[in-house]
Amino acid sequence: MAKPYNQIVLFGDSLFQYCSNADAGFSFQGALQHLCVRGLDVINRGLSGYNTKNALEKLPEIFLPPSPSNPRIEYLLVLFGANDACLPIPTSSQGVPIDQYKENLKKLITHEHIKAHNPKILLVTPPPLDEIQSFETDKKNGHTEPVRKAAVSAEYSETVRQVAAEVPGVVLIDLQKALMDKAISMTDDYDPSGPPLGYSEGGNRGALEQLLPDGLHMNGHSYRVFFEIVEPHIELPDNYYVYPDWRILNPGNI
């Protein structure tokens, strides 16, 4: 019987679906696979446009319990919220009320199909929103009013922090804070006494322009920041190869 590799699974929306792309010389999924190659397979279950309601509906089909032929999930990264935070406007139906979002997140990470694998769960805050640019993107897509607002998105990120604190064993990956801190460090005219970067009230995109090209989705530079805060939580034993090193199979080599 074939010996399966255990898995790191990326479960989320377009922010994971697109993370396999190589942009600005960097691929998040590629870097993560390189980190644990020959020991774990990185499986992308990023589903563009999905919110937590959609994810809960499809979870039993996406995740099967472990078996001799079905590999175990060792790490599960969960990143939902960018779509849940959509505003209740006539041209968008993706939004999920924040209380329901919190309940859905808890149900996702404690689902019996997930618990059967006993993975280390890394729960990720959605990135900051540059609403100045995202509204321009919305208008190109046919909307006449903003689909998202930065302050609302920030509330959903705060909800992720709450869930990570309330569910035992869950590790918080604070992508929202990491990217905002990076943008602030790159913005010479940032005024900490004014509105945050990307808020229409302040009118200053700052370096979010370089990290979130359409105001919502990430590029290679922002995915690199993401990888840097995830990498320390991926712990591999010294002999983590599934199949032995070639020197073991071919003794006598120096």
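Predicted model: local features only at pLDDT ≥ 70, side-chain atom pairs only at ≥ 80, totals over all residues.
## Ground rules

Buried means under 20% relative accessible area, exposed means over 50%, and partly exposed is whatever falls in between (1.4 Å probe, protein chains only).

Residues are numbered from 1 along each chain as its sequence is written, and side-chain values use heavy atoms, with hydrogens and water left out.

Five of them form an open sheet in the order 2-1-3-4-5, with parallel pairing. Strand 2 (40–46) and strand 5 (171–173) are the edge strands, so called because each pairs on one side only. Ignoring direction, neighbouring strands of this sheet are turned by 20 degrees against each other on average; the axes behind that angle are lines fitted to C-alpha atoms, for helices over the stretch in contact, and angles run from 0 to 180 degrees between N-to-C directions.

Strands here are DSSP runs (E, at least two residues), as are helices (H or I, at least four), both numbered from the N terminus. Two strands pair if DSSP finds at least two bridges between them. Strand 1 (residues 6–12) and strand 2 pair in the parallel sense over seven bridges. As an example, Gln 7 has Asp 41 in strand 2 as its bridge partner.

## Salt bridges

Side chains of opposite charge can pair when their charged atoms come close. The rule used here asks for a side-chain nitrogen of Lys or Arg within 4 Å of a carboxyl oxygen of Asp or Glu, and by this rule the count comes to 15 salt bridges. One of them joins Lys 177 and Asp 181 at 2.7 Å, N to O. Those two are four residues apart in helix 8 (residues 175–185), which means about one helical turn separates them. Asp 181 is partly exposed at 37%. Lys 58 and Glu 61 also meet, at 3.5 Å, N to O; they sit three residues apart in helix 3 (residues 52–62), again about one helical turn. Here Lys 58 is partly exposed at 34%, whereas Glu 61 is exposed at 57%.

What about a link between helices? Glu 166 forms a salt bridge with Lys 106, with the closest N and O atoms 2.5 Å apart. Glu 166 lies in helix 7 (residues 150–166) and Lys 106 in helix 4 (residues 98–109), so the pair ties together parts that are 60 residues apart in sequence. Both are partly exposed, Glu 166 at 41% and Lys 106 at 28%. Lys 102 joins Lys 106 and Glu 166 in a network of salt bridges.

## The largest pocket

A pocket is found on a 1 Å grid over the protein atoms alone: it is an open set of points where a 1.4 Å probe fits, with protein on both sides within 12 Å along at least five of seven lines, and lining residues have an atom within 4 Å of a point. The largest pocket has a volume of about 260 Å³, the volume being the space filled by probe spheres set on the points. Of its 17 lining residues, Gln 94, Asn 141, Arg 148, Leu 216 and His 217 are the closest to its centre.

Helix 6 (residues 131–140) gives the most to this lining, with three residues. By class, the lining has three nonpolar, eleven polar and three charged residues, where Asp, Glu, Lys and Arg count as charged.
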